[in-house]
Amino acid sequence: MKHVERKDLYTSLPKRLHYLQSFIEWGQADIDALRGAQAFVKSLIPTVCEKVYNKILEHDITAQAFHNQSTKGANDLDVDDYIRKESPAIMNRRMFLRWYLTKLNQDPSKPEYWEYLNKVGAMHTGLFRRQPLTVDIIHISMMIGHVQNTLNAAVISAPEIPTDSKVKIVTAFGKLLWIQNDLFSKWFVKDGEEFGESNTKLQYEAAIKGGKADDFVGFGGERTYCPFSGVARTLKNQVDGQPGYAYAVGSGSGARSMRYA
C-alpha cells in the first residue's frame, strides 16, 4: 500500500500530479500514444474550436460570459444582444482556444506542460487576467467532456489510424483530460483550505503583490508568465482560407511574435 500525505495534495503541485498520475495509471505508454497522435490532433483543432463555440452559444448561461466575463449572476440580456459565432469577438476568442489546444497537444512529459494546465484552471476563477474571467466549474467540466467526446469520435472514425493505436490514443486522452479536470476543479473546491495557499495554487497572492497579476510563480519559486499576458494583436490576414492573427506574446527580452491560424 502506497502512503499519500493529504497535506501534500494541497501544498505541492508536483506531488498532487504524482498522485493523480499514479492513481489513474498514467505512464510512458500514454505519453507515446499522444506523441504519435500529435499530427492528427493538430489537424482537428479547427474543428474542435468550431464545436466548442457552437456548444457555448447554444446556452444563454454560457453565452453571457462573452458580455460580462462571468457565468455568475442574473442574465438580463435580450435575444438580440448575444454575440454571434461569426462576430469578430468570437473569432478573437477562438485564437485563445486554439492556443490552449495546441499546448494540450504538446509534450506531456515536461513539468511545464502540467504547470500550464494548472494555470489555465486559475484563469477561470478571476485570477491572473487583466480582465477577470469567472466561469462556474459545472460549465468547465461539461466542456472538457465535450472536447473528449469530439476527440474520441474523430480518432475512432479515422481510417488511417490502426485499431490498436486508436485504443491507446483514446485511453491516453481520457486520462489526460480527467487530470485537467482536476486541475480546474481544485481552484473551485474548499478541500485543503486548512493548509493555506501554496504552490498548488501557484502562490497567486505573492505573484499579485510582487507585480502584475499576470505573473506566476513556478515550481522552483522562479517567476514565469501567464501564456496570455502581453498579448497584442498585430496582424490579421488569411491562413489556409481561415482568419489568421499574429500576436506579440511575453514582455521585455522574452517577447516573441507568433502566428496562428
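Begin by selecting His146, which is found in helix α9; helices here are DSSP runs of H or I with at least four residues, strands are E runs of at least two, and both are numbered from the N terminus. The model is a predicted one, in which local features need pLDDT of at least 70 and side-chain atom pairs count only at pLDDT 80 or more, while totals for chains, interfaces and linings use all residues. Residues are numbered from 1 along each chain as its sequence is written, and side-chain values use heavy atoms, with hydrogens and water left out.

Is His146 buried or exposed? With a relative accessibility of 19%, His146 counts as buried, since buried means under 20% relative accessible area, exposed means over 50%, and partly exposed lies in between (1.4 Å probe, protein chains only). Display next the residues that His146 touches: Lys51, Val52 and Lys55, not counting residues up to four places away in sequence. A contact requires heavy atoms within 4.5 Å.

**The whole chain**

The secondary structure of the protein chain comes to 11 helices and 5 strands. Of its 261 residues, 46% are buried. Among contacts between residues at least 6 apart in sequence, 57% join residues at least 24 apart. The chain exposes about 14000 Å², of which carbon and sulfur atoms supply 54%; accessible areas come from the Shrake-Rupley method with a 1.4 Å probe, and for residues only the protein chains shown count as cover.

Colour the chain by pLDDT, the predictor's confidence in each residue from 0 to 100. The mean pLDDT is 74, and 61% of the residues reach 70 or more. Over residues 202-261 the pLDDT is below 50, although this stretch has 129 contacts in the model beyond near neighbours in sequence. Where pLDDT is low, the predicted coordinates should not be read in detail.

**The nonpolar core**

Select Tyr100, Leu101, Leu104, Trp114, Leu117 and Leu176, the residues with the most contacts inside the largest nonpolar core, which has 45 residues. Such a core is a set of buried Ala, Val, Leu, Ile, Met, Phe, Trp, Tyr and Cys residues joined through side-chain atoms within 4.5 Å. At least two residues of this core are supplied by each of α2 (13-23), α3 (28-36), α4 (38-56), α7 (88-104), α8 (111-123), α9 (137-157) and α10. Which helix gives the largest share? That share, 9 residues, comes from α4. In soluble globular proteins, nonpolar side chains tend to be buried together.

Centre the view on Leu176. Leaving out residues up to four places away in sequence, Leu176 touches Trp26, Leu34, Leu104, Tyr113, Trp114 and Leu117.

The structure holds 7 salt bridges, each a side-chain nitrogen of Lys or Arg within 4 Å of a carboxyl oxygen of Asp or Glu. Side chains of opposite charge can pair when their charged atoms come close.

Select Lys175, placed in helix α10 (residues 163-185). Lys175 forms a salt bridge with Asp30, with the closest N and O atoms 3.2 Å apart. This pair links distant parts of the chain, Lys175 in helix α10 and Asp30 in helix α3, 145 residues apart. Lys175 is buried at a relative accessible area of 15%, and Asp30 is buried at 6%. Setting aside neighbours within four places in sequence, Lys175 is in contact with Ile24, Glu25, Trp26 and Asp30.

Move along to Asp182, which forms a salt bridge with Arg16, the closest N and O atoms being 2.9 Å apart. Asp182 lies in helix α10 and Arg16 in helix α2, so the pair ties together parts that are 166 residues apart in sequence. Both Asp182 and Arg16 are buried.

Select Arg35 and Asp32, whose side chains meet in a salt bridge (4.0 Å, N to O). Both residues lie in helix α3, 3 residues apart, about one turn of the helix. Arg35 is partly exposed, with a relative accessible area of 35%, and Asp32 is also partly exposed, at 41%.

**A nonpolar surface patch**

Finish at Val4, found in the segment before α1 (6-11). Val4 is partly exposed, with a relative accessible area of 39%. Val4, Tyr19 and Phe23 form a nonpolar patch on the surface, with about 300 Å² of accessible area together. Patches are made of residues with over 30% relative accessible area and no salt bridge, like charges being joined within 9 Å and nonpolar side chains (Val, Leu, Ile, Met, Phe, Trp, Tyr) within 5 Å.
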